[in-house]
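This briefing covers nonpolar cores, a pocket, a helix, a sheet and backbone angles. The structure comes first, and the notes on it follow by topic.

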Amino acid sequence: MAVTNIENGQMLCQAGDALKELYVIGEGNIRAMFPGGGMMLRKGDVIGIQDIKSGVHSCTYIAATDAALVPYPYNGLDALLAMFQSKPNVMHLFFTSSARFSGSLLRFCASARAGAREPGEYVLDRKKPLTVYEKAAMLQRRHEQAAAARALGAAAEAEQQNDDLELDDSIPYDRVIPPAAVDPIAKPAKPAPDPQEEAAEKAAAIAAEAAKNSEIPPELANSLAEILAFSECDDALADRFMEEVNAYKAMPDKDGTDDADRKFRLAMTGDFYKIYTRIFEQSINDPNLPVSVKLFLNFGFVDPELAGAGNSAFLLSMADTFAGDVEKGVYTFYEWLLAIYEGKKEPSRNEFDMDYPAYLRDQKKSGKINEAQEKELLNSQIDKVRFELENVFPVVNKMTFGRISTFCPLLSAHNLMKPLAVSLVTPRRIMDALDDIRALDFSAFYRETTYTSEEYGVVREYVQAEILPDFILMPNAGVRGAMWQEIEGKRRMTPSRMMLSVIALEDISQLLTRMTGEFRWEMCKRVQGARWNDISEPSLTSEYTDYIQFYKKNRDLSPDAKEKLRLSLQRAKNSVKEMFVRDYMLWITYEGNGSPRLNKVARPILFTYCPFSAAIRQNLVQHPLYMETVNKYKLLLSQKLHHLDMLCNKLEKNFGTVPEEIQNQIKFLKS
């Protein structure tokens with residue numbers, strides 16, 4: 001069937017047009033626009049499926065990227081049903097797409113209802129020092145007086161960035177058909193909404209009212225001047241940044257890609273980071289942060305007009321309640337910087353994979369610092385924070401934003417493709433998504449360590465301990481997650497670090513699933529060391545690498561499977577790690593629900609090193625494709641449990657009890 005290609009920004013059809021064709025999205029994204037809002041359709045979604053009864057398009061469809069569409073002529077319900085009878089896979093695809101569209105529409109309506117349900121009141125911050133307002137007023141007046149006589153300063157010279165960070169290809173079109181609707185494992189009901197989510201619901205009501213009337217919250221009217229005044233940066237930087245923000249607000253195309261636009265955004269971004277550093281340093285000695293400063297630190301907010309009236313009202317209502325959950329390893333970026341400053345966390349590795357001590361050694365080796373300076377910097381908490389701000393923050397902020405050539409750290413309404421009420425990342429949402437992954441891949445975050453005890457006469461036993469990641473919420477609205485490092489320094493029993501945009505414009509479950517796959521790969525490489533790809537020492541990375549490198553000679557793969565692998569490798573730019581991550585996402589998203597997507601060689605590798613939980617294994621053992629793999633795993637598991645049963649009998653006989661570590665290992669194996 002011929003493919004219809006449309007370019008980014010091109011309209012496919014508009015509301016009110018007769019429904020002549022249904023389109024399956026093969027590549028790219030299409031925005032469906034309707035009165036009051038819109039939603040993004042992606043690969044595997046069917047354009048127009050919700051309108052088959054009326055025969056008229058209810059939405060306007062515009063390409064959000066270059067897209068490839070597979071058209072299906074629509075000649076009425078009878079003809080469509082006849083096609084479904086002959087093509088059951090197409091029927092499955094169309095109906096599941098309809099369910100996804102309906103679910104998204106219901107969520108949108110629920111958010112809108114929440115916005116209209118109660119008027120609410122703004123949460124005011126009454127602790128702002130008067131001196132900040134005075135400084136802000138002076139700064140604003142100085143800027144207004146100078147604006148008429150001074151042109152916008154030339155943008156600082158900086159390297160030109162020509163290429164977008166390529167967003168991850170989604171699942172190949174030939175694998176797009178969703179799993180069976182019935183989940184083999186019933187998931188427990190989620191607990192009641194926590195205070196932050198209840199606050200977000202109330203904030204949505206305030207935001208809806210503000211957006212309807214285009215009312216800027218008066219508490220934020222002078223935000224930029226307050227932020228600059230609090231930073232106490234020099235006048236030249238303050239004036240320049242204020243002019244840059246106002247010029248950015250006035251740009252008709254804030255995502256322009258010509259050289260002038262890129263250089264302008266790059267210069268403004270550099271000033272943003274300078275001011276962010278100044279504000280953090282000021283906040284150490286002045287904990288009574290103005291509300292505008294809180295929003296700047298947590299969201300990259302600088303101006304209510306730039307962010308939009310409704311969004312500004314929402315954030316204002318959340319300003320005093322929004323926080324991470326440090327006990328569960330979830331940090332706002334500001335909380336993360338405080339943890340480093342207080343010595344509770346070490347700085348992250350930089351983009352060259354050097355931790356702070358290694359960076360200082362490199363600086364000394366190159367003659368930039370001497371031994372005394374190295375020792376002083378190694379023990380300076382504020383310099384550790386500066387390392388994080390200068391070497392990690394700019395890179396990760398851009399990475400999680402996801403669009404390199406149009407990156408700008410300032411919160412702008414044009415980047416917000418979802419309501420803040422549904423895109424704001426809270427600790428509860430992270431932990432819910434993480435629990436869903438762990439319910440399938442129960443061993444994902446367990447590390448093997450040794451247990452010894454003179455008291456019990458245990459010389460050495462290998463046991464597992466679960467160490468959940470640290471999640472750091474970057475102050476931007478982005479589409480990606482970044483599994484930044486698998487351990488802290490060189491200590492294997494430390495949390496990994498995963499970075500997420502505080503406003504996530506993509507599904508958080510998918511972001512976490514991808515990062516978990518990346519973590520599994522990197523952690524295996526860390527454990528295996530130089531032999532991570534040596535097939536003589538079986539491991540996840542060595543077996544999967546061998547499978548990818550020699551797939552052409554693998555007799556267990558059909559010609560069709562080999563061709564799919566060849567195309568997938570092209571899309572993954574020949575990255576074995578990327579191939580594994582994509583297979584891992586299929587493993588969790590589909591295979592865990594009993595819907596096969598992997599080939600007969602990849603499946604046993606994933607099952608061996610990323611096994612499903614006991615309940616799911618019990619369900620899958622009835623499936624012919626899984627039966628042999630599940631039984632092999634059960635045999636290996638029974639051998640390990642037999643060894644521990646013998647040890648427990650011995651310990652109970654000699655000491656009358658079994659150490660908790662051994663008991664936990666048995667529970668782990670039975671998970």
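**Cores, pocket and local backbone**

The largest nonpolar core has 102 residues, and the members that touch the most others in it are Phe314, Ile430, Leu512 and Tyr544. The model is predicted. Apart from this core lies another one, of 48 residues, which includes Val302, Val385, Phe407 and Leu410.

**Nonpolar core**

- Ile430, one of the residues with the most contacts to other core members, is in contact with Val330, Val425, Phe471, Leu473, Leu500, Ile508 and Leu512, leaving aside neighbours within four places in sequence.
- In soluble globular proteins, nonpolar side chains tend to be buried together.

**Second largest pocket**

- The second largest pocket has a volume of about 1,200 Å³.
- Its lining is made up of 33 residues, of which Tyr446, Glu448, Gln464, Tyr609 and Lys640 are the closest to the pocket centre.
- Two or more lining residues come from each of strand 10 (446-453), strand 11 (458-466), helix 18 (508-528), helix 22 (602-609), helix 24 (624-655) and helix 25 (660-669).
- Sorted by class, the lining of this pocket holds 19 nonpolar, seven polar and seven charged residues.

**Helix 8**

- Helix 8 spans residues 291-299, and eight of its nine residues are buried, so the helix is largely enclosed by the rest of the structure.
- The buried residues of helix 8 are Val291, Ser292, Val293, Leu295, Phe296, Leu297, Asn298 and Phe299.

- Four strands form an open sheet in the order 1-8-3-6, with antiparallel pairing.
- Strand 1 (4-6) and strand 6 (46-47) are at the edges with a single partner strand each, so one side of each has no neighbour in the sheet.
- Two bridges join strand 3 (residues 21-27) to strand 6 in the antiparallel sense.
- Tyr23 has Ile47 of strand 6 as its bridge partner.

- Glu232 is not a glycine, yet its phi is positive, at about 55°.
- Glu232 sits in the loop between helix 5 (223-231) and helix 6 (235-250).
- The relative accessibility of Glu232 is 43%, so this residue counts as partly exposed.
- Asp353, also a residue other than glycine, has a positive phi near 65°.
- The loop that holds Asp353 runs between helix 11 (333-341) and helix 12 (356-365).

Methods: Residues numbered from 1 in each chain as written. Predicted model: local features only at pLDDT ≥ 70, side-chain atom pairs only at ≥ 80, totals over all residues. Heavy atoms only, no water. Buried < 20%, exposed > 50% of the residue type's maximum accessible area, 1.4 Å probe, protein only. 1 Å grid on protein atoms, 1.4 Å probe; cavity = no way out; pocket = protein on both sides within 12 Å on 5 of 7 lines; lining within 4 Å. Points joined across faces, edges and corners; volume = space filled by probe spheres on them. Nonpolar A, V, L, I, M, F, W, Y, C, P; charged D, E, K, R; others polar. Core = buried A, V, L, I, M, F, W, Y, C linked by side-chain atoms within 4.5 Å. Contact = heavy atoms within 4.5 Å. Pairing = 2+ DSSP bridges.
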